[in-house]
Amino acid sequence: MILLTILIVATLVFIMLALVFQPLRKKSIYGKHVVVIGGSSGIGKSVAMLAAREGANVTIIARNIDRLEEAKQEIQKHVVNADQQIISKLSVDVVDYESLDNNINQIEDQVGPIYMMVNCAGMAICGKTEDLTLQEIKQLIDVNFLGSIYSVKSILPRLKERKDGIVVLTGSQASLMGIYGLSVYSGCKFAVRGLAEAVHMEAKPYNISVTLALPPDTDTPGFANENKNKPEETRIISEAGGLANPDDVAKRLLDDALVGKFFSYYGFESSILTSLCVGMTPALRPIEVIVQTVILGPLRLLGCYYVTTFHQVVQNCYNDRKNRELEVDTQKIQ
């Protein structure tokens with residue numbers, strides 16, 4: 001494993017050098033209209049603040065009225081000129097298409113044509129598949145998948161008409177790998193990846209780029225809520241990737257979207273997983289294809305190591321529970 005790790009690190013260094021010598025052109029959002037769905041907290045709020053610093057007019061959409069207003073005030077502090085508009089749309093539910101589309105119409109009338117849409121709305125409910133209620137399953141599908149479809153359905157035709165724009169959908173590391181305790185969530189995020197790939201193909205002739213953000217575990221209110229019912233197996237597996245800062249993840253997301261990258265990821269583990277699961281996703285430059293071709297074989301070995309480790313975690317937790325149950329039964333008999 002040491003030699004394999006050295007090889008992978010050396011390859012990543014090569015990638016970084018290649019990117020340095022082949023810089024990508026970054027689009028400007030100065031004076032343009034950026035809509036952030038799920039912009040009242042977490043990564044979405046951080047993206048909105050960064051967009052304000054770039055001189056964009058920013059609209060944030062979410063359901064919680066109090067958090068929206070608080071976020072609006074925070075974002076307002078980051079504007080760089082007096083003409084920027086920072087607005088919030090109250091109580092817009094991304095799973096209500098008619099309401100979302102009507103509000104998008106109002107936003108464009110008030111602020112101007114949308115140039116960039118970032119959908120950060122999402123949620124996770126942890127638990128074994130059989131333990132999730134039907135209501136929880138529906139909620140996960142509605143927010144994570146249908147919310148993504150509805151936002152694209154509403155905004156993409158507008159961008160196509162203007163033949164310019166950027167769409168960002170937020171997946172997860174669980175878009176690339178099924179994880180114990182996140183079966184339905186992971187299924188939704190896999191679906192978001194498929195949506196992003198197809199929309200990228202639909203949008204490219206219209207000069208519209210599509211970016212799929214794949215954030216790791218990030219220190220957000222949503223992550224704190226997710227931890228309340230997280231199984232031990234899920235917690236141990238997730239901790240292997242550490243905990244990212246939302247501002248750092250948001251900066252990477254915005255930078256990647258503005259240069260037209262399809263995948264946006266953050267951190268070493270995320271770069272490994274994303275490279276391993278590149279599949280049929282579009283490449284921005286030939287150098288990416290060359291590097292991926294070279295490293296996919298070694299990465300497969302590393303991926304097998306991680307998967308085996310995760311399965312061992314699940315087996316160990318299972319054995320521990322069985323041993324505790326046996327001890328309890330023994331004590332009852334005595």
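Biologist: Where is the place of His78?
Modeller: His78 sits in the loop between H3 and strand S3 (86-89). Helices (H or I, at least four residues) and strands (E, at least two) are DSSP runs, numbered from the N terminus. Before we go on: this is a predicted model, where local features need pLDDT of at least 70, side-chain atom pairs count only at pLDDT 80 or more, and totals for chains, interfaces and linings use all residues. Residues are numbered from 1 along each chain as its sequence is written, and side-chain values use heavy atoms, with hydrogens and water left out.

Biologist: What does His78 touch?
Modeller: Met49, Ala52 and Arg53, not counting residues up to four places away in sequence. Contact means heavy atoms within 4.5 Å.

Biologist: Why does His78 count as partly exposed?
Modeller: Because its relative accessibility is 22%. Buried means under 20% relative accessible area, exposed over 50%, and partly exposed in between (1.4 Å probe, protein chains only).

Biologist: How much of residues 58-85 is helix and how much strand?
Modeller: In the model, 43% is helix and 14% is strand. The end C-alpha atoms of that stretch are 6 Å apart.

Biologist: Now the inside. How many residues has the largest nonpolar core?
Modeller: It has 32 residues. Ile29, Val58, Ile60, Met116 and Val118 have the most contacts inside it. A nonpolar core is a set of buried Ala, Val, Leu, Ile, Met, Phe, Trp, Tyr and Cys residues joined through side-chain atoms within 4.5 Å.

Biologist: Which elements give two or more residues to this core?
Modeller: Strands S1 (33-37), S2 (57-61), S4 (114-119) and S5 (165-170), plus helices H2 (42-53), H3 (65-76) and H9 (246-259). H2 gives the most, with 7 residues.

Biologist: Helices next. At what angle do H5 and H6 pack?
Modeller: About 10 degrees, for H5 (residues 134-162) and H6 (residues 183-203), with axes 9 Å apart. Axes are lines fitted to C-alpha atoms, for helices over the stretch in contact, and angles run from 0 to 180 degrees between N-to-C directions. H5 and H6 are therefore roughly parallel, a term for angles under 35 degrees.

Biologist: How do the residues of the contact of H5 with H6 divide?
Modeller: 15 nonpolar, 2 polar and 3 charged. Here Ala, Val, Leu, Ile, Met, Phe, Trp, Tyr, Cys and Pro count as nonpolar, Asp, Glu, Lys and Arg as charged, and the others, Gly among them, as polar.

Biologist: Lys153 is in helix H5. Buried or exposed?
Modeller: Exposed, at 51% relative accessibility.

Biologist: Which residues other than glycine have a positive phi?
Modeller: Asn207 is one of them, with phi near 65 degrees. Asn207 is in the loop between H6 and strand S6 (208-214). Lys163 also has a positive phi, of about 55 degrees. Lys163 lies in the loop between H5 and S5.

Notes
Parallel < 35°, antiparallel > 145°, perpendicular 65-115°, else oblique.
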